[in-house]
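Colleague: I have a structure open and would like to go through it with you. Could we start with the overall layout and then move to single residues?

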Amino acid sequence: MTKRINNFSAGPAILPVEVLEEARDNMLSLGDTGIGIMEHSHRGKAFIAVLEQVEADCRKLANISDDYSILFLQGGASSQFFMVPMNFLEPTQTADYLLTGSWAQKAAEQATRYGKVHTAASSKDRNFAYIPKTATYSEKPAYVHFTSNNTIFGTQWAKEPETPKGSTLICDASSDIFCRPLDVSKYGMIYAGAQKNLGPSGVTLVILRKDLMGRGKTDLPEMLQYRIHADNESCYNTPPTFGIYFMGLVFKWILKQGGLEAVGAANTAKANVLYQYLDKSSMFRATADADSRSLMNVTFVTGKEDVDNKFISEAKKAGFDGLKGHRSVGGMRASIYNAFPKSGCEELVAFMGDFEKKNG
Ligand code: PMP
């Protein structure tokens with residue numbers, strides 16, 4: 001088999017090898033069923049057993065109570081940008097958004113179609129290089145929406161934003177879900193596209209408090225109402241069966257690593273390898289403020305576009321793939337999601353050190 005290389009892609013992204021191997025083995029026959037995982041009916045016993053186990057493991061991983069529904073939807077995190085306000089924002093109401101990057105902005109833009117949007121905080125003034133420390137909320141927000149990790153700008157909320165008492169917190173956790181311990185009880189809803197920390201693209205995990213779900217509008221097309229998906233155990237229509245199955249393997253893998261505490265410690269150690277190097281380098285520097293740095297996406301620049309490009313191209317030749325920053329910001333980005341090994345961070349730092357010596 002072709003050797004696997006250091007894959008720093010922002011998503012779809014690196015997945016655990018043992019999970020890929022198990023999925024491969026079940027591709028031709030799920031267990032002893034004689035039918036591959038992708039070929040099983042979503043209404044059949046075998047897939048329903050998979051679905052129930054995936055949900056149970058998700059609950060176990062983040063200690064999610066029965067007050068919450070767990071849904072597996074399609075349409076990517078981007079569909080949640082409109083489904084959230086479509087369900088939970090009336091034209092007369094205001095939803096508060098914390099603008100910490102392009103994805104947060106996109107979410108807020110969609111909400112303007114359904115009601116009023118108030119920007120409670122923004123870090124746009126410095127090209128989203130930091131997480132705002134304060135926010136000014138509207139009087140009675142329908143909900144407060146934030147993006148826990150800003151994939152493009154390499155910033156991450158260290159903890160949940162302080163919000164007005166009794167308000168409903170909704171989070172786009174697409175690029176950092178289950179990267180560290182998570183207190184789900186603080187949230188009305190958490191959603192995440194799978195393709196970074198959870199599995200292949202094509203499935204979106206939604207963790208939704210049932211009382212909030214109950215307040216959702218009832219005059220929307222069925223596919224766009226959360227309650228319909230919950231009432232039908234994510235099988236109102238054909239769900240993304242393979243993605244759900246794969247996500248379940250990833251949950252089991254995280255549990256085997258020791259759960260979210262252990263994964264959080266490993267992610268901190270991994271990110272530190274890169275940030276410590278960046279902080280002492282005389283060629284490279286991290287772009288995010290020190291107190292806002294992401295554990296998942298480490299963004300950095302040399303300050304010279306031609307040197308950035310040379311670095312990216314030489315790194316690629318040396319087997320470090322996916323380091324080019326998002327097209328909207330340039331520079332470099334090392335995405336080091338849960339499945340990315342610490343050894344890959346150490347190898348990158350060694351390579352950067354050599355590059356710095358030769359080109360400094
Ligand atoms: N939110 C965040 C934080 C993201 O990083 C992304 C994708 N990179 C999205 C939303 C959009 O996700 P999707 O492509 O699944 O719609």
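Modeller: What follows goes from the domains and the sheet to the annotated sites and a few backbone details, and all of it refers to a predicted model.

Colleague: Fine, how is the protein divided into domains?

Modeller: The division gives domain 1, covering 17-257, and domain 2, covering 260-359, and the centres of domain 1 and domain 2, taken over C-alpha atoms, are separated by 27 Å.

Colleague: And how many residues of domain 1 are in contact with domain 2?

Modeller: There are 24 residues of domain 1 in contact with 23 residues of domain 2. On the domain 1 side, the elements that give two or more residues are helix H2 (45-62), strand E7 (155-156) and helix H7 (241-257).

Colleague: What does that side look like by residue class?

Modeller: The side of domain 1 that touches domain 2 has 12 nonpolar, 9 polar and 3 charged residues.

Colleague: Let's switch to the sheet; what is the strand order?

Modeller: The sheet is open and is formed by 7 strands in the order E2-E10-E9-E8-E5-E3-E4, with mixed pairing. Strand E2 (68-73) and strand E4 (116-122) are the edge strands, each of them pairing on one side only, and neighbouring strands of the sheet are turned against each other by 20 degrees on average, direction ignored.

Colleague: Take E8 and E9, then: do they run parallel or antiparallel?

Modeller: Strand E8 (residues 169-172) and strand E9 (residues 189-193) run parallel and are joined by 3 bridges.

Colleague: Which strands does helix H3 lie across?

Modeller: Helix H3, residues 76-88, lies across strand E3 (94-99), strand E5 (144-147), E8, E9 and strand E10 (204-209), and H3 runs at about 150 degrees to E9.

Colleague: Now the annotations: where does UniProt place the feature "binding site"?

Modeller: The unreviewed UniProt entry places "binding site" at Ala77, Ser78, Trp103, Thr151, Asp172, Gln195, Asn237 and Thr238. These positions are spread over 162 residues of sequence, and they are also spread in space, with up to 30.6 Å between C-alpha atoms. The unreviewed entry also places a "binding site" feature at Arg43.

Colleague: Where does Arg43 lie, and why does it count as exposed?

Modeller: Arg43 lies in the loop between helix H1 (17-28) and H2. Arg43 counts as exposed because 9 other C-beta atoms lie within 10 Å, and the exposed class covers residues with 12 or fewer.

Colleague: What is phi near for Asn63?

Modeller: Phi of Asn63 is near 50 degrees, which is again a positive value in a residue other than glycine. Asn63 lies in the loop between H2 and E2 and counts as partly exposed, with 13 C-beta neighbours inside 10 Å.

Colleague: Which residues does the cis peptide bond join?

Modeller: A cis peptide bond joins Gly11 and Pro12, with omega at about -10 degrees, and Pro12 lies in the loop between strand E1 (6-7) and H1.

Colleague: Last one, what does Glu160 touch?

Modeller: Leaving out residues up to four places away in sequence, Glu160 touches Leu169 and Lys186. Glu160 lies in the loop between E7 and E8, and with 15 C-beta neighbours inside 10 Å Glu160 counts as partly exposed. The C-alpha atoms of Glu160 and Tyr277, which are 117 residues apart along the chain, are separated by 28 Å.

Terms used. Residues numbered from 1 in each chain as written. Predicted model: local features only at pLDDT ≥ 70, side-chain atom pairs only at ≥ 80, totals over all residues. Pairing = 2+ DSSP bridges. Helix = DSSP H or I, 4+ residues; strand = E, 2+ residues; numbered from the N terminus. Axes fitted to C-alpha atoms, helices over the stretch in contact; angles between N-to-C directions. Contact = placed C-beta atoms within 7 Å. Domains from an automatic or database assignment. Nonpolar A, V, L, I, M, F, W, Y, C, P; charged D, E, K, R; others polar. UniProt positions renumbered as here; feature names shortened; annotations may be inferred. Buried ≥ 20, exposed ≤ 12 C-beta atoms within 10 Å, placed from the backbone.
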